[in-house]
Amino acid sequence: MPSPGPYRAIFSAPGTKGFSAAGFPGRLTISMTSIGVVTMISGITGRYGLAGAVSAALAISSAALGPQVSRLVDRHGQRRVLRPATLVALIAIAGLLLSAHLRWPDWTLFAFAAAAGCVPSVGAMVRARWAAIYRDAPSRLHAAYAFESVVDEVCFIVGPILSVGLSTAWFPEAGPLLAGCFLAVGVLALTAQRATEPVPHPREHHTGGSALRSAGLLTLVTAFSAVGALFGAIDVVTVAFAEEQGHKAAASVVLAIYAAGSCLAGAVFGLLRLTGSAPRRWLLGVCAMAVSMIPLQLVGNLSFLAVALFVAGLAVAPTMVTTMALVEQLVPRAKLTEGMTWVSTGLSVGVALGSSAAGWVVDAAGARAGYAVPAVAGASAAAVAFLGYRRLLPAPQREGSGTDGRRDHEDQPERRVA
């Protein structure tokens with residue numbers, strides 16, 4: 001059994017325990033909001049199609065606004081940007097809850113969901129702090145990314161239970177309401193810690209436009225759009241399937257088991273001394289996620305579903321850890337937060353597509369048919385991973401001398417500035 005020493009070592013630097021702990025409630029918001037919106041709107045209106053569409057609108061808005069918030073963070077610092085962005089997001093969340101509770105016209109749900117898209121990517125902010133501390137210690141940075149992936153999965157264990165549980169046992173708006181409270185607490189706690197905040201990079205360090213101009217990063221983002229569709233569809237269909245089985249509240253437990261599989265795999269992955277190619281590990285991870293969707297087509301009861309999702313979860317966190325490591329290699333230091341947020345953006349776009357598609361399939365053909373949506377999404381992610389694999393390789397290993405090969409030379413000075 002590997003020693004847990006790498007995890008103890010990463011917390012030897014001053015302030016690391018504080019900012020990592022502060023990020024936890026902020027990230028609970030992500031795991032609670034989407035499933036909370038689906039549960040809230042479906043509970044009030046009985047319309048899963050509308051619930052999935054509003055959740056999709058929120059995800060698309062996050063995809064559009066999130067990278068811009070992170071780009072401002074890279075330029076001006078976390079404290080100066082996160083607090084006003086969070087205030088706008090909280091006002092929008094409050095409007096979304098009111099419009100659902102008071103049964104305002106459907107368009108108001110979409111309007112407030114769109115405004116709520118400026119919710120900051122707290123996970124990216126925390127990872128940027130780890131990268132600033134351990135940029136010259138790859139093994140510790142790997143352990144830090146693995147630890148944060150475990151924290152993400154813990155959030156996806158606790159968050160859905162809280163969100164769905166409160167919305168079904170108390171009142172429909174309870175889950176998203178608590179998510180907003182966690183966002184406020186997390187951002188305030190994180191931005192209060194100035195000592196570990198990454199140094200902002202002035203505008204003159206941001207040459208070359210968006211971080212997304214990196215062909216390798218574009219491959220990661222595109223693939224994770226399909227992965228996000230897989231996640232979004234599983235959330236919606238699992239809630240619907242649990243309701244069909246007469247145990248809607250059990251959806252939170254089943255989704256928590258899915259996250260538990262990922263959490264376990266991520267914890268073990270962080271203890272390993274890795275060899276071989278990171279792009280190859282990433283490709284295998286994406287393919288494993290795709291294959292793990294096949295058993296869901298045979299689901300007949302909640303017990304079988306829980307086991308299938310636990311196994312499926314084993315591929316998630318290791319793939320996420322490898323993805324963040326690849327982002328750190330592919331984008332210049334001055335754009336690191338933006339680059340990490342683009343991955344989250346890809347997931348958000350996918351969640352939008354997956355949750356919306358799954359909602360309509362559930363309304364039209366029932367919950368069991370809905371599990372075809374994550375299967376298609378997984379196959380799409382694997383196809384993108386195969387097609388874009390070479391863009392992730394170091395420049396000397398690529399065939400040809402296109403844009404990929406030139407980017408590293410252009411970005412190296414920016415890395416040294418950091």
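Helices in these legends are DSSP runs of H or I with at least four residues, strands are runs of E with at least two, and both are numbered from the N terminus.

**View 1. Welcome to S121, a residue in a loop.**
S121 sits in the loop that links helix 5 (106-115) to helix 6 (122-134). The model shown here is predicted, so local features need pLDDT of at least 70 and side-chain atom pairs count only at pLDDT 80 or more, while totals for chains, interfaces and linings use all residues. Residues are numbered from 1 along each chain as its sequence is written, and side-chain values use heavy atoms, with hydrogens and water left out. Is S121 buried or exposed? S121 counts as buried because its relative accessibility is 16%; buried means under 20% relative accessible area, exposed means over 50%, and partly exposed lies in between, with a 1.4 Å probe and protein chains only. Leaving aside residues up to four places away in sequence, S121 touches T341 and S344, where a contact means heavy atoms within 4.5 Å.

**View 2. Meet F156 and its contacts.**
Look for F156 in helix 7 (residues 138-169). F156 counts as partly exposed because its relative accessibility is 34%. Which residues does F156 touch, not counting residues up to four places away in sequence? They are I30, S31, L255, A256 and A259. S252 is 96 residues from F156 along the chain, yet their C-alpha atoms are separated by 9.6 Å.

**View 3. Follow helix 4 from end to end.**
Helix 4 covers residues 78-101, 24 residues in total. From first C-alpha to last, helix 4 reaches 34 Å, close to the 34 Å expected at 1.5 Å a residue; the expected span is 1.5 Å times one less than the number of residues. After helix 4 comes R103, which has a positive phi, near 60°.

**View 4. Find two cysteines, C263 and C287.**
C263 counts as buried because its relative accessibility is 15%. C287 also counts as buried, because its value is 17%. How many disulfides does the structure hold? There are zero, taking a disulfide as a pair of cysteine sulfur atoms within 2.5 Å.

**View 5. Step back to the whole chain.**
The chain has 17 helices and zero strands. Of its 418 residues, 58% are buried. Among contacts with a separation of 6 or more, 83% are between residues 24 or more positions apart. The accessible surface comes to about 16,400 Å², and carbon and sulfur atoms account for 67% of that area. These areas come from the Shrake-Rupley method with a 1.4 Å probe, and for residues only the protein chains shown count as cover.
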